[in-house]
Amino acid sequence: MIKAAGVDEVTDETFDAEVMKAGLPVLVEFTADWCGPCRQLAPVLSALAVEEADRLKIVQLDVDRNPETTAKYGVLSMPTLMVFRAGEPVKAMVGARPKRRLARELEDVL
């Protein structure tokens with residue numbers, strides 16, 4: 001998995017505790033080693049994780065090693081970014097994007 005610095009990894013086993021029961025909104029990046037756009041998104045997620053640490057938790061989930069969660073949310077394309085708030089998915093976005101655009105797209109869920 002392409003690891004974004006400062007962003008934790010979640011698994012099928014830890015998803016409920018780390019995402020569904022989190023006190024903050026959580027941005028989950030569904031990613032894979034073979035995903036080129038995921039590489040482009042890694043530094044964007046790292047920067048946002050620092051800048052929005054008090055308002056947003058950011059995690060990554062490797063789709064190849066965690067098929068249960070991937071299938072549960074119908075994720076077919078990488079990267080898929082999904083925001084969860086109070087245990088519910090509230091927004092989904094597909095594809096890499098620049099930091100400014102992603103920050104703007106997240107404004108309505110923070």
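This is a predicted model: local features need pLDDT of at least 70, side-chain atom pairs count only at pLDDT 80 or more; totals for chains, interfaces and linings use all residues.

Modeller: A disulfide is a covalent bond between the sulfur atoms of two cysteines. Here the two cysteines are C35 and C38, and their sulfur atoms lie 2.2 Å apart. The angle about the S-S bond is 85°, and the link between C35 and C38 is right-handed. C35 and C38 are both buried.

Next comes the core. The largest nonpolar core has 36 residues. Those that touch the most other members are F15, V19, L27, V28, L45, L102 and L106. Several elements give two or more residues to this core: the helices α1 (15-20), α2 (36-51) and α4 (99-106), together with the strands β2 (26-31), β3 (57-62) and β4 (80-85). The largest contribution to this core is that of α2, with 7 residues.

Leaving out residues up to four places away in sequence, V28 touches F15, V19, V59, L61, T80, L81, M82 and F84. One of these contacts is also a strand partner: in β3, V59 is the bridge partner of V28. That bridge brings us to the strands themselves. β2 and β3 are paired over 6 bridges, and the pairing is parallel. From β2 the chain passes through α2 to reach β3, a β-α-β crossover that is right-handed.

Strand β1 (residues 8-10) runs parallel to β3 and is joined to it by 3 bridges. V10 stands opposite L61 in β3, and L61 is among the residues that V28 touches. Of the 6 residues of β3, 5 are buried, so β3 is largely enclosed by the rest of the structure. When you trace a strand like this, keep one rule in mind. In a regular strand the side chains alternate between the two faces of the sheet.

A pair of aromatic rings is described by the distance of the centres and the angle of the planes. The count comes to 3 aromatic pairs. In one of them, F15 and Y73, the ring centres are 5.8 Å apart and the planes are at 40°, so this pair is tilted. F15 sits in helix α1, whereas Y73 lies in the loop between α3 (67-72) and β4; the two are 58 residues apart, and the pair links distant parts of the chain. F15 is buried, with a relative accessible area of 5%, and Y73 is buried as well, at 17%.

Y73 also pairs with F84: their ring centres are 5.1 Å apart and their planes are at 80°, so this pair is edge-to-face. This pair, too, links distant parts of the chain, with Y73 in the loop between α3 and β4 and F84 in strand β4, 11 residues apart. F84 is buried, with a relative accessible area of 1%. Together, F15, Y73 and F84 form one aromatic cluster.

Notes. Residues are numbered from 1 along each chain as its sequence is written. Side-chain values use heavy atoms; hydrogens and water are left out. A nonpolar core is a set of buried Ala, Val, Leu, Ile, Met, Phe, Trp, Tyr and Cys residues joined through side-chain atoms within 4.5 Å. Buried means under 20% relative accessible area, exposed over 50%, partly exposed in between (1.4 Å probe, protein chains only). Helices (H or I, at least four residues) and strands (E, at least two) are DSSP runs, numbered from the N terminus. Contact means heavy atoms within 4.5 Å. Rings of Phe, Tyr and Trp (its six-membered ring) pair if their centres lie within 6.5 Å; planes under 30 degrees apart count as stacked, over 60 as edge-to-face and the rest as tilted. A disulfide is a pair of cysteine sulfur atoms within 2.5 Å. Two strands pair if DSSP finds at least two bridges between them. A crossover is right-handed if, with the strands pointing away from the viewer, the path from the first strand over the helix to the second runs clockwise.
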